[in-house]
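I opened my notebook to look up a few things in this structure. My entries follow the order in which I checked them.

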Amino acid sequence: MSQLQETNQTLDFFCDFDKIAQNVEDIKLSLCMLNSLVGAADMRKAVETIWKRDKSAFNVMDILIAVRSEGKKKVLNSLGECVVLDTLFTSIDGVMEYLDNTGLTKVFQQQKIKDLVDYVFGIETGLDTNARKNRSGHVMEGMVARIFDKAGVKYRQEVYSSEWSSISRVLGDDEKRFDFVVKSKDKTYLIEVNFYSGGGSKLNEVARSYSDIAPKINSVPGFEFVWITDGIGWKSAKNKLQEAYSIIPSIYNLTNIVEFINSVR
C-alpha cells in the first residue's frame, strides 16, 4: 500500500487529438453547410435553403449540444411527447423546434459562434474527456509493456481464454481477454493490469471478479493468474484489496513488479 502511485497520467493522456480531428473531419461537409445558419436573420428561411440542397446535413446537429444520440437519445418534444432526438431532423418543423428549444437559434443569430467546424472541435475535445477512464487502462498496459520490454520479458497482449481448452473449461461461458500472457519454462501466466487514481464501486467489482477467476485458473496445472494494479484509489478500498490478496497469490504493483519479472526469467 505504501508503494501505490498517485497517477499514471502523462500529458498525452488528456486528449486524443487525432481521434478528435477525425470525428470532426467525418462531418465537416455538413457543418460547413450549417454554417450558413450563423447570423441568419430569418432562421426558418435559412433552414429551408439548406434543406432543399441537402437535408442530410441536419443529421449531425445533435453534436451541437454535445450529444452523441445515434438514434438512441430520447427527449420530450414541444407537445410533451417522448421522441427519439434524431427524429426531429426529419422535417423542417422538427429542425426549427430543435434550434428554437435548445437555444441554438439565438446563439446563431447573435453570432456567439463564428464557425461550426471550430465549435465542434471544441465540443469533441470536451467529450473526449469521457474516454479518459478507458485511456487510463491503456496507459497502464503501456507502462507494463515498457517494463517487460526493458527487462527482456517476452509477452503477448490481448489474448483470449478460448486459446486454451483447459482454461475455457474452468471459466465456463465466461470468456476472458487477458491483457498479457507471459510464458516461462514451467508456467503460463495470464495477466490483468489496471490503475485506479480514484475510488468507487469499480474497484470492489474488479477485486471480486479477480478473486473469483484466479482460483479457477490456478487450479489448472501449468497456469497462474497474475494481477498487476496500482493507484492511490486502492486506499479507499483497502479491505477489498486485502481480501483479494489472501485469495490471489500473485498481486503486484508498478514498484514490486520486479519480483514477478525475476520469477519468470
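**Entry 1: terms for exposure.** I needed a scale first: buried means under 20% relative accessible area, exposed means over 50%, and partly exposed lies in between (1.4 Å probe, protein chains only). I noted that this is a predicted model, where local features need pLDDT of at least 70, side-chain atom pairs count only at pLDDT 80 or more, and totals for chains, interfaces and linings use all residues. Residues are numbered from 1 along each chain as its sequence is written, and side-chain values use heavy atoms, with hydrogens and water left out.

Entry 2: I looked up G126. It has a relative accessible area of 38%, so G126 is partly exposed. G126 sits in helix 6. Here helices (H or I, at least four residues) and strands (E, at least two) are DSSP runs, numbered from the N terminus. How far apart in space are G126 and S2? They are 34 Å apart, C-alpha to C-alpha, and 124 residues apart in sequence.

Next came H138, in helix 7 (residues 132–151). Its relative accessible area is 47%, so H138 is partly exposed. From H138 to V84 I read 34 Å in space, C-alpha to C-alpha, and 54 residues in sequence.

Then I checked E25, in helix 1 (residues 17–26). E25 has 47% relative accessibility and therefore counts as partly exposed. E25 and F121 are 96 residues apart in sequence, but 9.4 Å apart in space, C-alpha to C-alpha.

**Entry 3: positive phi.** I wrote down a rule: most residues other than glycine have a negative phi, and most peptide bonds are trans. Then I looked for positive values. A66 has a phi near 60°, which is positive in a residue other than glycine. A66 lies in the loop between helix 3 and strand 1 (74–76). At 37% relative accessibility, A66 is partly exposed.

E158 also has a positive phi, near 50°, and is not a glycine. I found E158 in strand 3 (residues 156–160). Its relative accessible area is 40%, so E158 is partly exposed.

G103 follows helix 4 and has a positive phi, near 95°.

**Entry 4: helix 4.** Which residues of helix 4 are buried? I listed I92, G94, V95, M96, E97, Y98 and L99. The cover over the buried residues of helix 4 includes helix 3 and helix 5. For contact I used heavy atoms within 4.5 Å.

**Entry 5: nonpolar cores.** A nonpolar core is a set of buried Ala, Val, Leu, Ile, Met, Phe, Trp, Tyr and Cys residues joined through side-chain atoms within 4.5 Å. The largest one has 36 residues, and L64, L99 and F108 touch the most other members. Helix 2 (28–34), helix 3 (43–54), helix 4 (92–102), helix 5 (104–109) and helix 6 (116–128) each give this core at least two residues.

Leaving out residues up to four places away in sequence, F108 touches L37, V38, G39, M43, L64, L99, I113 and L116. Another core lies apart from the largest one; it has 26 residues, including L171, A214, I217 and L241.

**Entry 6: aromatic pairs.** Rings of Phe, Tyr and Trp (its six-membered ring) pair if their centres lie within 6.5 Å; planes under 30 degrees apart are stacked, over 60 edge-to-face, and the rest tilted. I counted 14 aromatic pairs by this rule. Why is the pair of W51 and F58 tilted? The ring centres are 5.7 Å apart and the planes are at 35°, so the pair is tilted. Both W51 and F58 are buried.

W227 and W234 make an edge-to-face pair, 5.5 Å centre to centre, with 75° between the planes. W227 is at 0% relative accessibility, so W227 counts as buried. W234 is also at 0% and counts as buried. I also found a cluster linked by ring pairs: F148, Y155, F180, Y189, Y252 and F260.

**Entry 7: two packed helices.** Helix 9 (residues 201–218) and helix 10 (residues 238–247) pack at about 5°, with axes 9 Å apart. Axes are lines fitted to C-alpha atoms, for helices over the stretch in contact, and angles run from 0 to 180 degrees between N-to-C directions. Angles under 35 degrees count as roughly parallel, over 145 as roughly antiparallel, 65 to 115 as roughly perpendicular and the rest as oblique. Helix 9 and helix 10 are therefore roughly parallel. Helix 9 makes the contact with N204, A207, S211 and P215, and helix 10 with K240, A244 and I247.
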